[in-house]
Amino acid sequence: MSDTCILCLESSEPLTEEHIFPEAAGGSISKYLLCKSCNDKLGHWVDAPYVNQKHIQLARATYKILGKTGKVP
């Protein structure tokens with residue numbers, strides 16, 4: 001397993017768990033691919049806008065998919 005972040009290509013900090021499909025949308029498959037800084041950026045710029053879309057929130061409510069806080073939207 002590589003210890004280099006796949007986004008910034010740095011290996012100065014440990015890799016963090018990245019959910020392949022956002023955890024807040026029910027994703028359970030994860031890999032250690034990103035450093036914390038890149039994982040935080042992805043969460044802010046990709047995952048959050050995705051799970052905040054109305055049709056994603058409707059699907060989460062319909063299928064009772066818990067978010068990171070343990071709540072259904």
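User: Helices (H or I, at least four residues) and strands (E, at least two) are DSSP runs, numbered from the N terminus. Where is the place of Ile6?

Analyst: This is a predicted model: local features need pLDDT of at least 70, side-chain atom pairs count only at pLDDT 80 or more, and totals for chains, interfaces and linings use all residues. Residues are numbered from 1 along each chain as its sequence is written, and side-chain values use heavy atoms, with hydrogens and water left out. Ile6 sits in the segment before E1.

User: Is Ile6 buried or exposed?

Analyst: Look at the relative accessible area: under 20% is buried, over 50% is exposed, and in between is partly exposed (1.4 Å probe, protein chains only). Ile6 has a value of 52%, so Ile6 is exposed.

User: Which residues is Ile6 in contact with, leaving aside its neighbours within four places in sequence?

Analyst: Contact means heavy atoms within 4.5 Å. Ile6 and Leu33 are 27 residues apart along the chain, yet their C-alpha atoms are separated by 6.0 Å. With sequence neighbours within four places set aside, the contacts of Ile6 are Leu33 and Leu34.

User: What pattern does the chain follow along the sequence?

Analyst: Count the elements. The chain has 2 helices and 2 strands. Read along the sequence, they give β-β-α-α.

User: Which residues make up the largest nonpolar core?

Analyst: A nonpolar core is a set of buried Ala, Val, Leu, Ile, Met, Phe, Trp, Tyr and Cys residues joined through side-chain atoms within 4.5 Å. In soluble globular proteins, nonpolar side chains tend to be buried together. Cys5 is in contact with Leu15, Leu34, Cys35 and Cys38, among others. The largest core here has 5 residues: Cys5, Leu15, Leu34, Cys35 and Cys38.

User: Is His19 buried or exposed?

Analyst: His19 belongs to strand E1, residues 15-19. Beyond its neighbours within four places, His19 is in contact with Gly27, Ser28, Ile29 and Ser30. Its relative accessible area is 16%, so His19 is buried.

User: Which residues is Lys31 in contact with, leaving aside its neighbours within four places in sequence?

Analyst: Lys31 is in strand E2 and is partly exposed, at 48% relative accessibility. Lys31 and Thr16 are 15 residues apart in sequence and 8.1 Å apart in space, C-alpha to C-alpha. Leaving aside neighbours within four places, Lys31 is in contact with Thr16, Glu17, Glu18 and Ile20.

User: How many aromatic pairs are there?

Analyst: Rings of Phe, Tyr and Trp (its six-membered ring) pair if their centres lie within 6.5 Å. By this rule, the count is 1.

User: What form does the aromatic pair of Phe21 and Tyr50 take?

Analyst: Planes under 30 degrees apart count as stacked, over 60 as edge-to-face, and the rest as tilted. For Phe21 and Tyr50, the centres are 5.8 Å apart and the planes stand at 75 degrees, so the pair is edge-to-face.

User: How many residues apart are Phe21 and Tyr50?

Analyst: Phe21 is in the loop between E1 and strand E2 (30-35), while Tyr50 is in helix H1 (residues 36-51). Phe21 is partly exposed at 41%, and Tyr50 is partly exposed at 24%. The pair links distant parts of the chain, with a separation in residues of 29.

User: What share of the residues of the chain count as buried?

Analyst: The C-alpha trace spans about 40 × 20 × 15 Å along its principal axes. The chain has 73 residues, and the buried share is 23%.
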